Amino acid sequence: MVGGSEQAPVVVGARAFGRAFAEAYRHASASSRYSQSAAGSTSTSSHNFMSSGLTLDEACKILNVKPPQGGKANMEDTIERFKRLFDVNDPTKGGSFYLQSKILRARERIELEVREAAEAAEREAEVKKGWNPKVYKDR
């Protein structure tokens with residue numbers, strides 16, 4: 001049977017572990033709440049930066065294209081550069097999977113930026129036009 005003096009280290013160890021676990025849980029919970037509030041207060045572009053890990057500037061440098069101006073970009077040039085760089089870095093041809101994935105993320109980031117700008121322009125045009133429901137076919 002375990003005596004009082006032999007139980008003390010076990011109890012102290014269990015308490016220390018319990019406190020450390022509770023502190024880690026509180027820290028993780030606070031971190032989760034902070035990231036959710038930060039994501040909720042930021043624009044969609046910065047939220048997409050968090051998910052892809054690339055800024056628009058980095059994406060443009062990777063593909064060596066100009067950043068979209070006013071939501072417009074030369075997508076043919078972007079796609080052409082993407083295809084060439086993606087094929088050159090094919091791992092089966094001795095390329096780098098890491099670089100290939102960076103090239104893919106760069107293309108996706110530029111496309112996302114252009115798509116978001118187009119959606120914003122569409123919403124703005126709809127607001128300027130006003131609400132016009134299509135209730136009747138003849139009107």
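Among contacts in the protein chain between residues at least 6 apart in sequence, what percentage join residues at least 24 apart? The figure is 54%, where a contact means heavy atoms within 4.5 Å. Before you click around, note that this is a predicted model, where local features need pLDDT of at least 70 and side-chain atom pairs count only at pLDDT 80 or more, while totals for chains, interfaces and linings use all residues. Residues are numbered from 1 along each chain as its sequence is written, and side-chain values use heavy atoms, with hydrogens and water left out.

Start with the whole chain in cartoon view. You'll find five helices and zero strands, running α-α-α-α-α from the N terminus. (Helices are DSSP runs of H or I with at least four residues, strands are runs of E with at least two, and both are numbered from the N terminus.) Of the 139 residues, 16% are buried, meaning under 20% relative accessible area with a 1.4 Å probe, protein chains only.

Next, select Val65. This residue sits in the loop between helix H3 (56-63) and helix H4 (75-88). Is Val65 buried or exposed? Val65 counts as buried, because its relative accessibility is 11%. Show its surroundings: leaving out residues up to four places away in sequence, Val65 touches Cys60, Asp77, Thr78, Arg81 and Ile110.

Last stop: Gln100, in helix H5 (residues 97-129). Gln100 is buried too, at 9% relative accessible area. Beyond its neighbours within four places in sequence, Gln100 contacts Phe86, Asn89, Asp90 and Pro91.

Notes:
Buried < 20%, exposed > 50% of the residue type's maximum accessible area, 1.4 Å probe, protein only.
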